[in-house]
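Subject: Two-chain model for you to look through

Dear colleague,

My notes on what was found in it follow below.

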Amino acid sequence: MELTELYISLFLTFLKIGVFGFGGGYAMLPLIQQEVVDVHKWISVSDFTDIVAISQTTPGPIAFNSATYIGYTAVTEMGYEHGFGVIGSAICTLAVSFPSLIIMTIVCLFFFRLKSNPWMLASLSVLKPAIIGLIASAALMLMNKNNFIDYKSWLIFGAVLVASLKKVDPILLIVLSGVAGFVLYNSF
Amino acid sequence: MNVGKQYWELFLVFFKIGAFTFGGGYAMIPIIRNEVVNKRLWLNDDEFMDMLAIAQSIPGPISLNTALFVGNKRLGFKGSLFSSAGIILPSFFVILLIALVFNQFKENPVVESIFKGIRPAVVALIAAPLLGLGRSAGVNWKNSWIPLSVALSVWLLKISPVYVILVAILLGVGHFVFAKHTMKK
């Protein structure tokens with residue numbers, strides 16, 4: 001694919017992700033995964049899971065993190081130099097933020113009328129519970145054969161689930177499960 | 001303080017928030033509140049709560065929406081450009097660095113073994129807060145069909161979240177119009 005074509009495709013995809021990014025964070029994952037892994041095949045599903053893991057351990061929202069990472073990777077995987085990858089990152093990050101910029105600018109014009117506007121509340125009445133469903137589907141979509149390779153995967157999943165419900169710090173849990181992976185999947 | 005300095009201050013405050021808040025979204029809220037409400041008096045508590053409600057209702061990450069709102073309220077559209085640049089740039093640089101390094105090491109068997117352990121943990125970390133989030137989004141037995149049908153249709157039928165969101169908005173508005181109409185009668 002031509003580089004310009006790839007840039008345009010990245011821009012439009014992340015613009016779409018930005019426009020429909022209701023609920024932020026995890027709620028945006030199913031759309032990002034469908035577009036980036038299934039439709040455009042820019043990265044594999046394991047790579048995508050690794051981005052989510054990296055996002056959970058670094059500052060900043062998942063939407064930006066995946067935009068930056070995918071923009072770079074999609075371009076360099078096509079054989080282009082690092083510099084073009086950085087431009088790809090910038091394009092995706094701008095595209096995913098642009099819809100929020102426009103919408104928030106409009107919102108600020110008549111903010112205090114909007115917050116108790118009955119139409120606004122009506123449109124959110126079904127959307128809010130639907131966003132919970134989107135987050136659930138993000139978890140279900142990642143519960144696949146690439147990420148759950150054997151019974152050890154399920155042991156790690158169960159342990160982290162319980163620890164997380166007990167409010168153990170997520171960064172610590174990622175580090176510990178990395179250590180578990182290192183011990184369980186290396187034959188010394 | 002001159003105006004140039006105020007733009008710079010907006011940028012720096014949100015740069016700091018962007019650089020030191022791990023986990024995104026909800027973890028950032030108390031830190032943003034401390035900077036914006038307690039330390040700088042840019043918004044009062046009521047304004048902050050109203051702003052949060054809006055930031056969660058429009059598309060995009062909550063931290064970005066918050067930065068855009070505060071920047072706009074302080075110094076207009078140009079202010080929102082500075083505050084959003086501040087919130088975006090830290091993670092941009094961090095992830096770019098990771099992408100540069102990680103792409104060279106991901107074939108390494110040791111790195112791969114570490115990520116084999118991390119991947120199921122990622123899924124658990126997404127699933128764990130679901131019940132609490134559901135409760136605060138007002139999910140109960142009566143409307144639990146909404147998240148259930150959304151999760152199943154996106155997961156199994158591979159329906160795009162774009163359609164899910166459009167249908168959810170239409171249903172909400174449709175129900176409101178219907179209720180209004182029957183009330184008039």
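Helices here are DSSP runs of H or I with at least four residues, strands are DSSP runs of E with at least two, and both are numbered from the N terminus. On that basis chain B has eight helices and zero strands, and its order along the sequence reads α-α-α-α-α-α-α-α. Please keep in mind throughout that this is a predicted model.

To stay with chain B for a moment, its radius of gyration is 21 Å, whereas the globule rule gives 16 Å for 185 residues, so chain B is more spread out than a compact globule. Along its principal axes, the C-alpha trace of chain B spans about 60 × 55 × 25 Å. The domain assignment divides chain B into domain 1, covering 1-108, and domain 2, covering 140-185, and the C-alpha centres of these two domains of chain B are 31 Å apart.

The crossing in which α1(B) passes α4(B) is right-handed, and the contact between α1(B) and α4(B) is made up of 17 nonpolar, seven polar and one charged residues.

Chain A, for its part, comes to nine helices and zero strands, which follow one another in the pattern α-α-α-α-α-α-α-α-α. Its C-alpha atoms fill a box of roughly 65 × 45 × 25 Å along the principal axes.

In chain A, helix α1 (residues 3-19) packs against helix α5 (residues 82-109) at an angle of about 30°, with the axes 7 Å apart, and α1(A) and α5(A) are therefore roughly parallel to each other. Here too the crossing is described by its hand, and α1(A) passes α5(A) in a right-handed one. On the α1(A) side the residues that meet α5(A) include Tyr7(A), Phe11(A), Phe14(A) and Gly18(A), while those on the α5(A) side include Phe84(A), Gly88(A), Cys92(A) and Pro99(A). Taken by class, the contact of α1(A) with α5(A) has 15 nonpolar and four polar residues, and no charged ones.

The domain assignment of chain A gives domain 1 as 3-144 and domain 2 as 148-188, and the centres of these two domains of chain A, taken over C-alpha atoms, are separated by 26 Å. Five residues from domain 1 of chain A and four residues from domain 2 of chain A take part in the contact between them. On the domain 1 side of that contact in chain A, two residues are nonpolar, three are polar and none is charged.

Finally, I come to the way the two chains meet. In this model 81 residues of chain B are in contact with 93 residues of chain A. Among the helices that each supply at least two residues to the side of chain B that touches chain A are α1 (3-20), α4 (62-105) and α8 (161-184) of chain B, and α4(B) gives the most, with 22 residues. By class, that side of chain B has 55 nonpolar, 22 polar and four charged residues.

With best wishes

Conventions
Residues numbered from 1 in each chain as written. Chains lettered and ligands numbered in written order. Predicted model: local features only at pLDDT ≥ 70, side-chain atom pairs only at ≥ 80, totals over all residues. Contact = placed C-beta atoms within 7 Å. Nonpolar A, V, L, I, M, F, W, Y, C, P; charged D, E, K, R; others polar. Domains from an automatic or database assignment. Left-handed = near helix turned anticlockwise from the far one by under 90°. Rg over C-alpha atoms; globule rule 2.2 N^0.38 Å. Axes fitted to C-alpha atoms, helices over the stretch in contact; angles between N-to-C directions. Parallel < 35°, antiparallel > 145°, perpendicular 65-115°, else oblique.
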